[in-house]
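Here are some notes for a colleague who is opening this entry for the first time. Please read them with the structure in view.

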Amino acid sequence: GPGRDTLFLSELDFHYQRDGASITGEVALSPALVGHDGWPLASLLATIGDVMLGTLANAISDSLPLTSDLNHHTFHPTGVQPIRAIGEMTKVGRTLIVGEIRFHDPDDRLVAYCSAGFLGSPRPDDLRYDNTPVDLIRFGDGSGPAFTERFDRFLGIRVTAPGVAEAPRRD
């Protein structure tokens, strides 16, 4: 698979750390990652939630966990500042793993919530990612976000009408 330096997450000041059955992280929101009204981009927080919860699911699954359901709700605008993420698994079954992430601003106000469900891959050739314990996963160099344009534009998403967007399937 691609290395961390080739993922769009490498453009963020984002890190997370797994500690047994829980996970914590932080992302620094830049002007490009916050809408003109001060709300963090839901797509960004949903992606971070999926990555962090997928890391937990991978640690306990016997097969490669695939995201089967992803929900995200944003409750408050944040403006440009760092936000913390705290997550845990809420159900670990034989076929389904479910977890949740809560995002908080520096004043500890709940900003957003993300939940995700994971199913094991049905293909026997799909191998789990190496889950060697690490102290910290860091994307970016810690100097702040490198994004100089809006996150949606960076990904090539085009708004065609209010509430309607198109994303390219390939480069």
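1. Rings of Phe, Tyr and Trp count as an aromatic pair here if their centres lie within 6.5 Å. The model is a predicted one, and a search of the whole structure finds 1 such pair. Its members are Phe14 and Tyr16, with 5.6 Å from centre to centre and 35° between the planes. Phe14 and Tyr16 are both buried.

2. Met52 touches both of these residues, Phe14 and Tyr16. Leaving aside residues up to four places away in sequence, Met52 also touches Ile23, Thr24, Gly25, Ala85 and Ile101.

3. The largest nonpolar core comprises 27 residues, and Met52, Ile101 and Phe103 have the most contacts inside it. Two or more residues of this core come from each of strand 1 (14-19), strand 2 (22-28), helix 1 (42-60), strand 4 (82-92), strand 5 and strand 6. Helix 1 is the main contributor to this core, giving 7 residues.

4. What is the volume of the second largest pocket? It is about 180 Å³. The lining of this pocket has 13 residues, and Ser61, Asp62, Gly93, Arg94 and Thr95 lie nearest its centre.

5. Strand 5 (96-104) and strand 6 (110-120) each supply at least two residues of the lining of the second largest pocket. The largest share, 3 residues, is that of strand 6. By class, this lining is made up of 6 nonpolar, 5 polar and 2 charged residues.

Note on methods. Residues numbered from 1 in each chain as written. Predicted model: local features only at pLDDT ≥ 70, side-chain atom pairs only at ≥ 80, totals over all residues. Heavy atoms only, no water. Phe/Tyr/Trp six-rings, centres within 6.5 Å; stacked < 30°, edge-to-face > 60°. Buried < 20%, exposed > 50% of the residue type's maximum accessible area, 1.4 Å probe, protein only. 1 Å grid on protein atoms, 1.4 Å probe; cavity = no way out; pocket = protein on both sides within 12 Å on 5 of 7 lines; lining within 4 Å. Points joined across faces, edges and corners; volume = space filled by probe spheres on them. Helix = DSSP H or I, 4+ residues; strand = E, 2+ residues; numbered from the N terminus. Nonpolar A, V, L, I, M, F, W, Y, C, P; charged D, E, K, R; others polar. Core = buried A, V, L, I, M, F, W, Y, C linked by side-chain atoms within 4.5 Å. Contact = heavy atoms within 4.5 Å.
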